[in-house]
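I opened the model to look up strand pairing, domains and the chain contacts. My entries follow in the order I made them.

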Amino acid sequence: MGKILRVDLTSGKISEGSTYDYVPKFLGGRGLGAKICWDEVPPKIGAFDPENRIIFATGPLQGTLAPTSGRFMVLGKAPQTGPIESFCRSGVGGHFAPELKWAGYDAIIVQGKAPQPVYLWISDHKAEILDATRLWGLDTYQAQQMIWKLHGPKTRVMVIGRAGENKCRIACILTDTGDASGQGGFGGVMGSKNLKAIAVRGTGSVNVARPKALMEITHQVQKLFSRKSMKSDPYQPEEKDFKYNIWGGGYGRGSLSLLPGELLELCNSPSSGYSQTPDGCFACPVSCRSRVKGPDITPGVAFCAQSYMYLESMVYQPEKGYSKVTWQAAKLGDLFGINAYELMAIIPWLGDCFREKLITEEDTGLPLKEAGSWDFIYKLLNKIANREGIGDLLAEGGQRAAARLGGKAEKLSQMYYPRAGKFAGYREHWVYLGGFPTGYAVPQLALMWVLDNRDALVSHSYISALWGAAFTVGQNALTAVPEKIIPVLKPVMKAAYGSEEAAEFVRPDGKNLNWKWAAPVVKRYHEHSLMKDCYVLCDILFPYLFNANSPDHVGDVTLESRIFSAVTGVEMSPEESYRKGEMLCTLERALAVRDGRTRKDDILYDVYFEKEDAGGRKYKREDLEQAKSDYYRLMGWDVKTGAPTGPTLEKLGLKEVAEGLEKRGLPGGKS
Amino acid sequence: MPTEVGRRTVLKGITLGAFSLGSVVAIGDLLEVFTFPNGQKVALARGVILVDKFLCSGCRVCEMVCANFNSGGRNSPSLSRILLEKEYMRGDYQPKVCHQCADPPCLQACPVTALQVDRQRGTYARVIDERVCIGCQKCVEACERHFRPARPRFDVLKHRSVKCHLCFGEPQCVKYCPLGVLRVERSEKGLLVGYPVIQED
């Protein structure tokens with residue numbers, strides 16, 4: 001604890017720095033990474049340059065009883081951001097973070113490039129750079145297993161596959177528990193440094209300042225999120241009608257149980273040899289994933305993109321539903337270390353392009369008529385991982401690939417990648433024109449999409465509240481009508497954002513969108529998100545805005561700061577946490593501005609203003625521009641350029657950032 | 001009358017224990033006890049934690065709450081009196097608890113009578129008196145002959161061993177397991193569990 005490990009792969013030098021050079025001001029996690037990148041990664045350094053940093057940052061909570069303290073952040077200049085590479089964050093779950101803390105380190109900064117493949121081996125208060133020549137080229141599972149053989153099965157591992165080795169912009173880093181640093185392309189950054197893996201084994205402790213208080217707040221959190229499971233079904237709560245407070249409460253837990261089909265039937269059949277068992281990240285009150293295994297499938301975790309990567313297979317062979325092919329495709333992606341979330345945009349986009357006759361089977365070398373088959377996905381993933389043929393283009397990420405093809409192909413990609421401008425590159429959640437629910441325009445979402453430096457809705461809290469309200473009125477996330485869910489959302493949004501009117505994103509006349517609360521909601525949303533990514537806590541639970549089980553459905557936004565105070569002994573009121581979140585949000589914006597971002601990059605493609613949603617409403621350009629101006633004003637940024645001003649930066653205690661911007665003659669630096 | 005007899009027997013037992021390797025305390029006729037072939041008696045534990053591994057998701061909250069509660073806020077699996085063994089790829093997770101053995105190898109092995117049966121709290125759990133423990137780890141070695149990993153843990157910082165004491169009667173791991181994997185089985189007559197009823201787990 002209290003130490004940051006610095007590894008220079010060019011020189012082979014390992015040193016230790018003090019966490020307290022950055023903390024408590026920058027808190028940990030995302031804030032810590034942002035400050036380090038401000039100090040050390042100027043615009044001229046590219047994501048794949050040896051001088052880029054890749055930062056693995058925990059927060060003050062990791063390695064303790066604190067709920068969801070298994071998570072940590074991977075940070076640095078991201079290859080996936082495009083066309084201009086810039087700072088981005090990637091959250092990872094599982095069990096790696098606590099192990100790093102128990103080994104004595106709060107964060108790892110890796111810079112330089114090793115002369116040949118290496119891996120980092122960290123044990124109690126010690127780190128070594130070891131030869132990885134024999135690991136290079138292995139898939140992520142094989143590499144992990146080798147590392148377990150070398151260092152014992154209690155070693156936690158982060159590893160890249162062939163995609164990372166080949167510097168794919170959409171290469172991810174897998175943890176041994178199946179979690180991933182998916183977005184950002186940090187697997188490619190590791191590959192560019194010849195860093196195959198990081199392995200850690202720690203036996204120390206993290207000393208909690210107020211152990212009893214931590215138990216009390218943990219108990220409070222468990223009352224909201226945890227229930228004893230039924231003996232006969234590990235995914236169902238004994239307490240009938242209790243809904244697990246994740247994703248609005250309508251989806252239960254245990255990912256594979258969500259999608260019916262061949263694989264689920266096999267898992268539910270006792271003598272089949274296939275099984276789905278509960279799985280959870282470190283210190284989680286819910287345990288939302290499952291572990292799946294079977295005689296002829298790759299074992300692994302069922303969760304999110306790692307289950308849903310290839311749902312095309314369910315269209316190709318509908319009678320099989322979620323099949324062994326669906327599963328194996330997702331796992332093949334894991335073995336290569338390719339960002340499944342990007343694939344979930346690239347695959348349908350390829351299908352769209354094929355249907356519009358913009359690409360052919362001949363020039364892509366892919367059996368596009370058989371999209372959804374094993375043959376298709378096997379060829380596609382191999383090509384991407386090895387950067388072969390069309391794979392070399394797709395390895396640039398869907399939005400960059402589409403821009404390269406241009407014309408109609410690029411237009412088709414806009415269905416998945418809403419943000420235009422120079423700092424895009426990320427398939428957004430629940431987009432498909434309108435966002436939540438599919439087909440309905442929500443002003444807050446549009447503003448979130450344009451302002452972020454990656455996919456905004458990775459911070460699930462807002463959308464989970466919308467989903468929760470949908471389930472409450474007996475509808476689902478895809479079909480719920482805004483007018484029906486707004487009454488349910490009123491007390492929820494009042495508690496979360498300060499006013500019942502924040503829930504009325506459609507005006508009572510039903511004809512127009514209400515943009516009045518877009519900026520204030522998004523400002524608070526960013527503050528929540530920044531703090532959550534610094535403590536570090538899990539997006540799926542925190543901030544807790546919607547209670548699926550109570551009559552008024554109101555959440556509790558005080559939980560995170562109370563957990564923080566119990567672990568560190570430092571008082572942090574929710575108000576103080578919002579001020580700190582505001583400061584960190586401005587720091588992140590300064591990083592993007594330094595790389596060249598302006599208000600012109602905070603924009604959606606034309607198609608988002610052209611289409612009407614299912615209620616006959618549209619996003620209007622002038623409304624979005626007004627909301628942006630409102631947001632910049634609230635944040636103390638220059639309204640013309642969207643850049644933090646000198647006075648604001650100084651007021652927030654970021655004088656060096658103000659000076660840095662001013663030196664570059666950047667807008668907002670002076671005034 | 002029975003109380004008088006009990007008290008005398010207890011004092012005799014403690015005295016005997018002080019002079020022999022491995023202390024055994026005779027409680028008398030009031031409770032069921034486990035009787036060794038040589039006639040020595042150990043009171044059976046009145047509580048034991050049972051595990052339903054089918055429900056376990058491997059989250060390690062049990063380990064964290066144990067260390068947090070029992071080791072003064074030092075959150076570490078190395079200090080946890082419950083050990084979660086995990087085979088990640090197959091999702092095979094097994095919390096391993098102290099079985100509060102009927103014939104406790106740890107109690108037999110302790111050279112200084114630090115290992116006692118907790119009558120005071122009424123659990124009759126096999127507990128380590130931290131004021132007496134010299135940190136020789138013979139309890140760890142003894143347990144390890146039957147149960148791997150050994151349930152007593154060595155606290156490097158304090159240079160003494162620690163083990164599950166059922167949290168004075170309200171095991172925190174049981175309370176805080178988010179999924180209900182753990183439960184406490186209680187019996188006033190004492191539970192015939194652990195070694196030698198089971199030889200390994």
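Entry 1: I began at D8(A), which stands opposite K13(A) in strand 2 of chain A. This is a predicted model: local features need pLDDT of at least 70, side-chain atom pairs count only at pLDDT 80 or more, and totals for chains, interfaces and linings use all residues. Residues are numbered from 1 along each chain as its sequence is written, while chains are lettered from A and ligands numbered from 1 in the order in which they are written.

Strand 1 (residues 3–8) and strand 2 (residues 13–18) of chain A run antiparallel and are joined by six bridges. I took strands as DSSP runs of E, at least two residues, and helices as runs of H or I, at least four residues, numbered from the N terminus. Strands pair if DSSP finds at least two bridges between them. The hairpin of strands 1 and 2 of chain A has four residues between the strands, and G12(A) takes a positive phi near 80° there.

I then checked strand 7 (residues 107–111) of chain A, which pairs with strand 1 of chain A in the parallel sense over five bridges. I4(A) stands opposite A107(A) in strand 7 of chain A.

**Entry 2: domains.** Chain A is assigned domain 1 (3–200) and domain 2 (428–528 + 605–635). The bounds come from an automatic or database domain assignment. Taken over C-alpha atoms, the centres of the two domains of chain A are 34 Å apart.

**Entry 3: chain A against chain B.** I found 37 residues of chain A in contact with 27 residues of chain B. Contact means that C-beta atoms, placed from the backbone, lie within 7 Å. Which element gives the most to the side of chain A that touches chain B? Helix 6 of chain A does, with five residues.

I also looked up strand 14 of chain A, which pairs antiparallel with strand 4 (residues 74–75) of chain B over two bridges. N207(A) stands opposite R74(B) in that strand of chain B.

**Entry 4: the open sheet.** Three strands of chain A form an open sheet in the order 17-18-19, with antiparallel pairing. Strand 17 and strand 19 (297–302) of chain A stand at the edges with a single partner strand each, so one side of each is left without a neighbour in the sheet. Strands 17 and 18 of chain A pair over five bridges. P278(A) has S290(A), in strand 18 of chain A, as its bridge partner.

Notes
Two residues are in contact if their C-beta atoms, placed from the backbone, lie within 7 Å.
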